[in-house]
Amino acid sequence: DLNEVIARMQKMILRLLGEAVRLNTVRGPHLPLIPFDPVQIEQVILNLAVNARDAMPAGGQLTIETSQVGANAADLPGLADGGVRLTVSDNGAGISDEVRAHLFEPFFTTKEAGKGTGLGLAMVYGAAQQNGGYIEVESTLGRGSTFKIYLPAATATDAPVPVVRAAPLPAPTRHASILLVEDHSKVAAFAQTVLEGLGHVVHAFPDAESALRSLPALAPKPDVLITDLVMPGLDGRTLAAHAALSLPGLRVLFVSGYAHDVMAARGMLAEGVELLAKPYSAEQLATRLRHLLQDPS
């Protein structure tokens, strides 16, 4: 249920946007269900929201709207049985025709080095394609951009889609000070929002080197390190070893886009090391951290 996903994400999106950007949500009534992984659609919305925020450095308005696409929509490929339109629009800088031609190419970015990977919109495009949908982009320089994602409705031939009401995230056993090191800005923003929403103090850094330089001045001192395992420069394993020298008892949760067995085969994981696979949901992050804080070791 796309409307439920947006309602659940609203507070998170507001925190990502900051005070300078206003959020307007318009949820259309009686939407059909869509056969789409909830974690994947969350990441689609977050990627579009963060891109819109970056296009409005002086502030502006982001509108997220859902609407129903009627059946027998002959002009909409793949939506003959009806579907849902997700529209994300901003009044920011807009996109030139030259940039638009490369917009969904992996690793294409207009941001300066270190500020973006160019994978966000490629992920959005790929997710829509994988789930039988497609994207339209409308933009004028200086007048903002609109992304329309068309997604087919679930049909009788789809596997049953249970409607699961969003449950509250697992409450932490205690509040902690967390050192978060993640080189992907959107993943970092998502994790920080979830962790702070649970009441934890978060010290976030984009790389191991800056985290180690700042470590002596951090207050309160971190109890937990959550770090990407594979990063440019120092990797997460080396960071954890250095951080543990000045923080005895530091608990560590590694994060990686690679599977646990792949990391172990490369010799990057010792037995018993905690690894959370990307992409992860807010619930998965909260649950793993709760278990880590409960561990008496």
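In strand S8, Leu225 is the bridge partner of Leu179. Strands, like helices, are DSSP runs numbered from the N terminus (strands are E runs of at least two residues, helices H or I runs of at least four). The structure is a predicted model, in which local features need pLDDT of at least 70 and side-chain atom pairs count only at pLDDT 80 or more, whereas totals for chains, interfaces and linings use all residues. Residues are numbered from 1 along each chain as its sequence is written, and side-chain values use heavy atoms, with hydrogens and water left out.

Two strands are taken as paired if DSSP finds at least two bridges between them. Five bridges join S6 to S7, again in parallel, and Leu180 has Ala204 of S7 as its bridge partner. Between S6 and S7 the chain passes through helix H5 (residues 185–197), forming a right-handed β-α-β crossover; with the strands pointing away from the viewer, the path from the first strand over the helix to the second then runs clockwise.

The open sheet contains five strands in the order S7-S6-S8-S9-S10, with parallel pairing. S7 (201–205) and S10 (275–277) each have a single partner strand and stand at the edges, so one side of each is left without a neighbour in the sheet. From one strand to the next, the twist averages 20°. Angles run from 0 to 180 degrees between N-to-C directions, and axes are lines fitted to C-alpha atoms, for helices over the stretch in contact.

Helix H7 (residues 236–246) packs on the sheet and touches S6, S8 and S9 (251–256), its direction making about 160° with that of S8. Helix H9 (residues 282–294) also packs on the sheet, touching S6, S8, S9 and S10, and its direction makes about 155° with that of S9. Contact here means heavy atoms within 4.5 Å.

The largest nonpolar core has 61 residues, and Ile45 and Leu62 have the most contacts inside it. Such a core is a set of buried Ala, Val, Leu, Ile, Met, Phe, Trp, Tyr and Cys residues joined through side-chain atoms within 4.5 Å, where buried means under 20% relative accessible area with a 1.4 Å probe, protein chains only. Another core, of 18 residues, lies apart from it and includes Val181, Leu239, Ala243 and Leu250.

Asn131 lies in the loop between helix H4 (120–130) and strand S4 (134–140). Its relative accessibility is 18%, so Asn131 counts as buried.

Conventions:
Buried means under 20% relative accessible area, exposed over 50%, partly exposed in between (1.4 Å probe, protein chains only).
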